[in-house]
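Please keep the sequence and coordinates at hand while reading.

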Amino acid sequence: MPSLAQRRSPVLNMIIWGFVLVWIIAASFPFFWTLWGSFKVQGDFFSKADWTNAITGVRTQVETGGAFTGSGYFGAWITKSFWLAAINTGIIVFSVVIISLTLGTLGGYALARSGKRYAFYLLMLALVFRAMPHITLVSGYLLPFFEWNLWGHIPTAIIVMVAINQPFTLWMLHSFFLNIPKDLDESAMVDGCTRFQAFRHVIIPVMWPGVVTTGLFSFLLAYNDFTVTATLLSQANQTMVPKIASFLGTTQTEGNVMFAVAAVVSATAPLFILILFFQRQIVSGLTAGAVKG
Amino acid sequence: MKNRTFFWFILPSLITMLLFIALPIVSVVVQSLHIEHEAVLNEVENCGPFGCKKELVIDVEETKKLKLENPLGKFNGFGTYTNRNHLAFKEIQQAWIESEGFISFISMSLNLPFYRALAFTLTYTFIVTPFVLFFGFLIALGVNSLPKVMKGPTIFISLLPMIVTPLIGSLILFWMIDAQGIIGSILQEIFDDPNLSLKASPLLTWIMLMVYGVWHSSPFAFIVFYAGLQTVPSDTIEAAMIDGASRWERTKYVVLPHLMPLTIFILLIQLMDNFRVFEPIVGFSAQANATSLSWIIYNDISNNEDQFFGSAGATSVLTIIGVSVLLIPVLIRTWREFNRKVV
């Protein structure tokens, strides 16, 4: 219950709420607009006559007979085989998350329990690795990958993304493990467990909140990646984001930008659902790294 | 933990990082010292109805063989670093001599691809980062003062710009600011200029990219600050209030110092991320007016026919040096703080 002195004057309240309102509109409107527009024809979404056509759908009425059309989606998913890119993305994202978490939990646990000087140096090294722009790393991969015929395959992209993901995963899981009391695994070791057994039977059952949160971020990194997937994957193995980028060139000339719009909406939908369900974990994850570590 | 056990636990993670982060850096350095083979030329006499002509023709087979034998190309030393597309020593020197004043020297240097990209990357980093901190803090203060029921949905919406793929986010905005899109045409109406296009002018393109950058990254600063605000010690706030501190003074002397470590954290992450700005340029198709260091590397290697590994390598090395210089102050601070905490 806020005390009287903590109450704000109505004017200040209006300013603050006005600002938040403006921000909410700025943050959400582009998405609603694009979602709405993706069911229209290009003549409405990019209207030469009047931008309000995108709301009313004048050309859509004329061209398709209805106020909404799914032709953009049909074109993207079926004609341009976006479904293949979606499957590729699914495979890559799933593998990256699983492998990152496996390696990350082991490493993060060791870093949190070591207490030695070198563990700290490793964390700093990971921080430096985190700073490397991805494209500089990719430009280092290409030539060796071509030579060894590793270029273009899905597993290559997976392992590269796992590696790029590791610094962040290590930092995050390290700070989660620091919050699990040391006594827990140490008492198990007093009872005769080896370090690994203690990890397996005592730590793993209690680490899931941290792992789920870290997994979400690995998911986002893999799902949102453009640099690695655009440069290291062959045409057939392409994922959604580079596929959308390649739509841009081709669709502009063919006059079906709506394919790209529909693809963009399709690729964004899973992210919305993700935040809807995991908002709490995302917030707690971002803050665990910052507030505690 | 015993050293041996530690080693086995960390090993898989360490191997992937060494193989795919440390080694590529070495590989980039090696590449940057080499340059592609020149095409092997043969002199061929071509006889047509108008007499014979001697022509130089590229010997495709020989060139291919040379490339196959030594894919790295030939050793070039620091040649790539100093050529026109990178540090361009000769051109800079010439510009220095020819230019009449400092401003004309700068504008001449900005015609060189590397300096153009560097200028944009630095401007982007140093303008977007403070704005992100500022807006993130304001949004956090605002959301924190909302009634409880509204907090959840507001946070949900606030996270959207950050969570969405950068390329997709920039595309969504790009379509809206298109001359035939909603924002583009509304702006045309406001300024009463039917030819107004945000894509045409370099200045507007830069502003557009930076607005996008702030839009995309503010949620990150917001959420970290918001979490920090939940842990502001209420005792200190009350004590300040008893001492007669106004709202503004309480924010300035209690809340802000409490959030200082978080600010450093956001600063660190934002400097790293903004310095690698790349996807928005692709999404906004802004390469004519704005290029970043990451973008010119991508441009060197993305073409499937001609990939310039030497050139990409040199830019990569310069970029890595740039990141290091940028981050050293923040890293030293983190280092000291961590040392204090751990030891």
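A residue counts as buried if 20 or more other C-beta atoms lie within 10 Å of its own, as exposed if there are 12 or fewer, and as partly exposed in between. The model discussed here is predicted. The contact between its chains takes 73 residues from chain A and 83 residues from chain B.

- B:Ala88 sits in the loop that runs between α3 (79-82) and α4 (89-98) of chain B.
- The phi angle of B:Ala88 is near 50 degrees, which is a positive value in a residue other than glycine.
- Most residues other than glycine have a negative phi.
- B:Ser285 is not a glycine either, and its phi is positive, at about 45 degrees.
- The loop between α13 (279-283) and α14 (293-302) of chain B holds B:Ser285.
- B:Ser285 is partly exposed, because 16 other C-beta atoms lie within 10 Å.
- B:Asn339 belongs to helix α15 (residues 309-342) of chain B.
- B:Asn339 is exposed, because 11 other C-beta atoms lie within 10 Å.
- Between the C-alpha atoms of B:Asn339 and B:Pro24 the distance is 30 Å, and the two residues are 315 residues apart along the chain.

**Nonpolar core**

- The largest nonpolar core has 159 residues.
- Within this core, A:Ile244, A:Ala263 and A:Val264 touch the most other members.
- Leaving aside residues up to four places away in sequence, A:Ala263 touches A:Ala76, A:Phe82, A:Ile244 and A:Phe247.

**Helix packing between the chains**

- Two packed helices are described by the angle between their axes and the distance between the axes.
- Helix α1 (residues 10-37) of chain A packs on helix α8 (residues 166-177) of chain B at an angle of about 75 degrees, and the axes are 10 Å apart.
- Angles of 65 to 115 degrees count as roughly perpendicular, so α1(A) and α8(B) are roughly perpendicular to each other.
- On the α1(A) side the contact is made by A:Pro30, A:Phe31, A:Trp33 and A:Thr34, and on the α8(B) side by B:Ile172, B:Leu173, B:Trp175 and B:Met176.
- The residues in this contact of α1(A) with α8(B) are seven nonpolar, one polar and no charged.

**Helix packing within chain B**

- Helix α6 (residues 113-144) of chain B and α14(B) pack with their axes 8 Å apart, at an angle of about 140 degrees.
- α6(B) and α14(B) are therefore oblique to each other.
- α6(B) contributes B:Pro113, B:Ala117, B:Leu118 and B:Thr121 to the contact, while α14(B) contributes B:Leu293, B:Trp295 and B:Ile296.
- By class, six residues of the contact of α6(B) with α14(B) are nonpolar, one is polar and none is charged.

**Domains of chain A**

- Chain A is assigned domain 1 (4-71) and domain 2 (76-292).
- The centres of domain 1 of chain A and domain 2 of chain A, taken over C-alpha atoms, are 32 Å apart.
- Nine residues from domain 1 of chain A and eight residues from domain 2 of chain A form the contact.
- On the side of domain 1 of chain A that touches domain 2 of chain A, α1 and α2 (42-45) of chain A are the elements that give two or more residues.
- α1(A) provides the largest share of that side, four residues.
- That side of domain 1 of chain A divides into five nonpolar, four polar and no charged residues.

**Domains of chain B**

- Ten residues of domain 3 of chain B are in contact with eight residues of domain 2 of chain B.
- The side of domain 2 of chain B that touches domain 3 of chain B has four nonpolar, four polar and no charged residues.

**Interface between chains A and B**

- The contact again takes 83 residues from chain B and 73 residues from chain A.
- Helix α1 (residues 3-32) of chain B gives the most to the side of chain B that touches chain A, with 16 residues.
- By class, the side of chain B that touches chain A has 59 nonpolar, 21 polar and three charged residues.

How values were computed
Residues numbered from 1 in each chain as written. Chains lettered and ligands numbered in written order. Predicted model: local features only at pLDDT ≥ 70, side-chain atom pairs only at ≥ 80, totals over all residues. Contact = placed C-beta atoms within 7 Å. Nonpolar A, V, L, I, M, F, W, Y, C, P; charged D, E, K, R; others polar. Core = buried A, V, L, I, M, F, W, Y, C linked by C-beta atoms within 7 Å. Axes fitted to C-alpha atoms, helices over the stretch in contact; angles between N-to-C directions. Parallel < 35°, antiparallel > 145°, perpendicular 65-115°, else oblique. Domains from an automatic or database assignment.
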